Amino acid sequence: QVHLVESGGGLVQFGGSLRLTCTASGFDASRYIMTWHRQVPGKERDMVARIVMFGGGTDYADSVKGRFTISRDNPKNTMYLQMNNLKPEDTGVYYCNAKTVSDSPTGGYWGQGTQVTVSS
């Protein structure tokens, strides 16, 4: 059975740091494009960071460049998002996603999300 489980969210002050973890089970995540998305109430789920298969290239939303770092540990079937210098606008529910190149933008596997709240 396929699962993606996010952890590491919480409440942090402006300028603080958090590290999110996404643990995959039931499939080999190294063969998937892995992404982190953020959603706030009333808005669409937006991509924050992406890492391609086997830990290759990465890319980021402009709003987080230089502050967030995505990485993966393929033997552990795990992906991370290191978030530094957090701002209130980073607040939202963070979801991890695993998809293949043939999946639609909203396809693939999704986790249940973890809440990140940044206080000013």
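Accessible areas come from the Shrake-Rupley method with a 1.4 Å probe, and for residues only the protein chains shown count as cover. On this basis the protein chain has an accessible surface of about 6200 Å². Carbon and sulfur atoms hold 50% of that surface. The model is predicted: local features need pLDDT of at least 70, side-chain atom pairs count only at pLDDT 80 or more, and totals for chains, interfaces and linings use all residues. Residues are numbered from 1 along each chain as its sequence is written, and side-chain values use heavy atoms, with hydrogens and water left out.

The protein chain contains 0 helices and 11 strands (DSSP runs, H or I of at least four residues for helices and E of at least two for strands, numbered from the N terminus). The C-alpha trace spans about 40 × 30 × 25 Å along its principal axes. Buried residues (under 20% relative accessible area, 1.4 Å probe, protein chains only) make up 42% of the 120 residues. Contacts (heavy atoms within 4.5 Å) were taken between residues at least 6 apart in sequence. Of these, 54% join residues at least 24 apart.

Ser 30 sits in the loop between β3 (18–25) and β4 (33–39). Its relative accessible area is 7%, so Ser 30 is buried. The side chains of Ser 30 and Asp 28 are joined by a polar contact of 2.6 Å (a pair of N or O atoms within 3.5 Å; within protein, one must be able to donate a hydrogen and the other to accept it, and residues adjacent in sequence count only if both atoms are side-chain atoms). Beyond its neighbours within four places in sequence, Ser 30 is in contact with Met 53, Phe 54, Arg 72, Asn 74 and Asn 77.

Terms used
Buried means under 20% relative accessible area, exposed over 50%, partly exposed in between (1.4 Å probe, protein chains only).
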